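Have the viewer open as you read.

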Amino acid sequence: MKLDIITDAQEIAERLPAIRETLNREYAYFGLGKWNGPVSNRYLIAITTEIKIVSTEQGMAACAIYAGNFGGNKALGVAGVHTNHEYRKGVAEIIKSDIAGFDKWYWVEASGAIEHYFKKNNGYPIPCEYSKNFIKRPIERECPDGFHFERKMGPDQEIVQKCVFGFPSNEDYLRVTQEFADYEGFRKKINNESNGNNTLDWARYVVGNIEEMFLEFEVNEMPPQWSEDLKSAIQILQENGDDKLAAAGELLLESMPELELIHVPG
């Protein structure tokens, strides 16, 4: 598994259309709707500071793009490529790189799977009193945990719950870690929290997407990564009492044989 960090302006401009397409496709696959990045390619190229791509022998496993217009390197989109069975590891590699990248000040406004990966890898959660200044956007509501907040996003101005990991600058790092009472205690508490609701949403999306492929597109076999996701989703659904959807997932496992991938020399 290889992580490439692209900073050359010309190469960024050449790669961005394909990265945008990948983000849109993977956000849709995982039930997240359309990626909420800038519509204009010209604007996206102008603000993008870096692209990260994780590759395996199968090709791209994950990718991310970063912008510098809000300070530091803010992740605008991070996605695994679901057709690569190592996409989870690919996303984890990108996030580990972000957490360790104190020389470049990576940060992200996160939810769902990305929030889960930052917690799992002991990222740097930002208390809401600071994060709302990082994002420079109106906040509808601060959540009682002092970490999450709700704001309007996308063309439909849907209210979504978000949070922030990472610091836009050294000054922000010092401000948060020195001013906030017991920041390390806050960090430990947030990173040890259950991410159950987001995980449950993911499990429901997995079953729904595979069922749609089976019923509407007549896909009668599933690649190993689908089977792996479906088995994980079924377990999550059972643990959360959604027995009906878990049973639907088990029926899909029975109805769709797993494809056996073989290595073709050359």
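## Around Asp229

Setting aside neighbours within four places in sequence, Asp229 is in contact with Phe30, Tyr87, Arg88, Trp202 and Val206. Keep in mind that this is a predicted model.

Asp229 sits in helix α9, which covers residues 224-239. Is Asp229 buried or exposed? Its relative accessible area is 1%, and the cut-off for buried is under 20%, so Asp229 counts as buried. One of its contacts, Tyr87, belongs to helix α3 (residues 87-100), and so does Arg88, going by that residue range.

## Pro224, also in α9

Pro224 is another residue of helix α9. With a relative accessibility of 22%, Pro224 counts as partly exposed, whereas Asp229 is buried at 1%.

## How α9 packs with α10

How do the axes of α9 and α10 cross? They come within 8 Å, with a crossing angle of roughly 155° between α9 and helix α10 (residues 243-255). Since angles over 145 degrees count that way, α9 is roughly antiparallel to α10. The crossing of these two helices is left-handed.

On the α9 side, the residues that meet α10 are Ser227, Leu230, Lys231, Ile234, Leu237 and Gln238. Across from them, α10 brings Asp243, Leu245, Ala246, Gly249, Glu250, Leu252 and Leu253. Sorted by class, this α9 contact with α10 has seven nonpolar, three polar and three charged residues.

Over to the strands. Eight of them form an open sheet with mixed pairing, in the order β1-β2-β3-β4-β5-β8-β7-β6. The edges are β1 (2-6) and β6 (141-142); each has a single partner strand, so one side of each is left without a neighbour in the sheet.

Further in, strand β7 (residues 149-153) pairs with strand β8 (residues 158-166). The sense of that pairing is antiparallel, and it runs over five bridges. Which residue in β8 is the bridge partner of Glu150? That would be Gln161.

Helix α3 lies across β1, β2 (48-56), β3 (59-67), β4 (73-80) and β5 (106-110). Its direction is at about 30° to β3.

Technical notes
Residues numbered from 1 in each chain as written. Predicted model: local features only at pLDDT ≥ 70, side-chain atom pairs only at ≥ 80, totals over all residues. Heavy atoms only, no water. Helix = DSSP H or I, 4+ residues; strand = E, 2+ residues; numbered from the N terminus. Buried < 20%, exposed > 50% of the residue type's maximum accessible area, 1.4 Å probe, protein only. Contact = heavy atoms within 4.5 Å. Axes fitted to C-alpha atoms, helices over the stretch in contact; angles between N-to-C directions. Parallel < 35°, antiparallel > 145°, perpendicular 65-115°, else oblique. Left-handed = near helix turned anticlockwise from the far one by under 90°. Nonpolar A, V, L, I, M, F, W, Y, C, P; charged D, E, K, R; others polar. Pairing = 2+ DSSP bridges.
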